[in-house]
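Here is a walk through a protein model, contact by contact. Keep the viewer open and follow along.

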Amino acid sequence: MDIYDFDVRTIDGRVMSMTEFRDHVLLIVNVASRCGFTPQYAGLEALYRRHKDRGLRVLGFPCDQFGHQEPGDEAEIRSFCSTTYDVTFPMFAKIEVNGGNAHPLYQFLRSARKGMLGTGVIKWNFTKFLVGRDGTVLQRYAPTDMPERIGKDVLPLIGTA
Amino acid sequence: MRIAAQPVAASTPLADTALLAAALRRRTEALMAEAARLYAVDLSGWCVTLDLKGMAAGRVQLLMRRVRYNLAIAAQAPELFLSITVPHEVAHIVCHLRHGRRARPHGPEWRAICLALGGTGERCHGFGAEPARRLRRYVYACGCRRWSLTSIRVHRIRRGLIYHCRACGRALRPAAAEAAANEACR
């Protein structure tokens, strides 16, 4: 099983296959609108705009499992992202990332990169997974890791090192 | 000079949040392009976010290359905000690029740039605004006067930071402790 075996639902309700992101470098993030880390949207968007032409895709998955910090529906989330942070990277429907109802994509990501305590559980909003062009989950970043720092790891993957 | 807020009728297209956000970004980009031409500075790679809360209408984060606007204040008087706050913030960026840290944040260099970009050259806006939070204040004292410190500074002191009075040089202590120390010295 690889990352391209999963289907995801976009924030406007369209079901798409992860195969559409084949040959791209992916930064997959569970996001929330009312979190202390929410300003990271600005850094993620800047990273995406800087490297999207060279194949970087930032994928945002809203999740309400951490402190009830993503209470709105998809329409509210989309409006917030575009108005406040001018987000243009792909956003997806709200999902769960932990527990029995966790989205299969996140079950895969968690088992591929288990994180610092080795449990695999996502600790909070804005945990990030960096995926290479061949679908390998290369790195997992804590919510405190800023997008600006992650940019350094992205550069060799998109071929500008 | 303080500028009186002029509420815009609800029917104004700019009253719509999404339109206002787009207008703010367009205006900022246009002014940056103008400033880049006028002052021969590189203003590429800046982003605009509308996540600022509290009393400030706008703020520039130089290291993050980010301009932040307060959407709640902007919505009160969109046209004024576009014509006053946007040049104010863009002028901060240009001032930094041209003069570095030598220039004071609202000094003559900044003011000249702000005026050239069509702003008012004023430091403060006159829009109505509520603080994002109200901080508790504590009374501290040095050797010569009493100080009203916010909980932010008090927490820093409790973690070990020491603030000194610039006049008498003594460390600031809680007012009650200072009074007790003076009493013991007598």
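**Rings, charges and a surface patch**

The count comes to 13 aromatic pairs over all chains, where rings of Phe, Tyr and Trp (its six-membered ring) pair if their centres lie within 6.5 Å; planes under 30 degrees apart count as stacked, over 60 as edge-to-face and the rest as tilted. One of them is edge-to-face: A:F80 with A:Y85, at 5.9 Å centre to centre and 65 degrees between the planes. A:F80 is partly exposed, at 23% relative accessible area. A:Y85 is buried, at 4%. (Buried means under 20% relative accessible area, exposed over 50%, partly exposed in between, with a 1.4 Å probe and protein chains only.) Ring pairs join A:F80 and A:Y85 to A:Y41, A:Y48, A:F89 and A:F126 in a cluster.

This is a predicted model: local features need pLDDT of at least 70, side-chain atom pairs count only at pLDDT 80 or more, and totals for chains, interfaces and linings use all residues. Residues are numbered from 1 along each chain as its sequence is written, chains are lettered from A and ligands numbered from 1 in the order in which they are written, and side-chain values use heavy atoms, with hydrogens and water left out.

Now the charges. Six salt bridges are found over all chains, each a side-chain nitrogen of Lys or Arg within 4 Å of a carboxyl oxygen of Asp or Glu. A:R49 meets A:D86 at 3.0 Å, N to O. A:R49 lies in helix 1 (residues 40-51) of chain A and A:D86 in the loop between helix 2 (74-85) and helix 3 (104-112), so the pair ties together parts that are 37 residues apart in sequence. Helices (H or I, at least four residues) and strands (E, at least two) are DSSP runs, numbered from the N terminus.

A:D86 also forms a salt bridge with B:R25, at 3.6 Å, N to O. That pair crosses between chains, with B:R25 in helix 1 (residues 17-39) of chain B. B:R25 is buried, at 8% relative accessibility. A:E45, A:R49, A:D86 and B:R25 are linked in a network of salt bridges.

Within chain B, B:D51 and B:R66 form a salt bridge, with the closest N and O atoms 2.6 Å apart. The two residues are 15 apart, B:D51 in the loop between strand 1 (47-49) and strand 2 (58-61), B:R66 in strand 3 (residues 66-69). Both B:D51 and B:R66 are buried.
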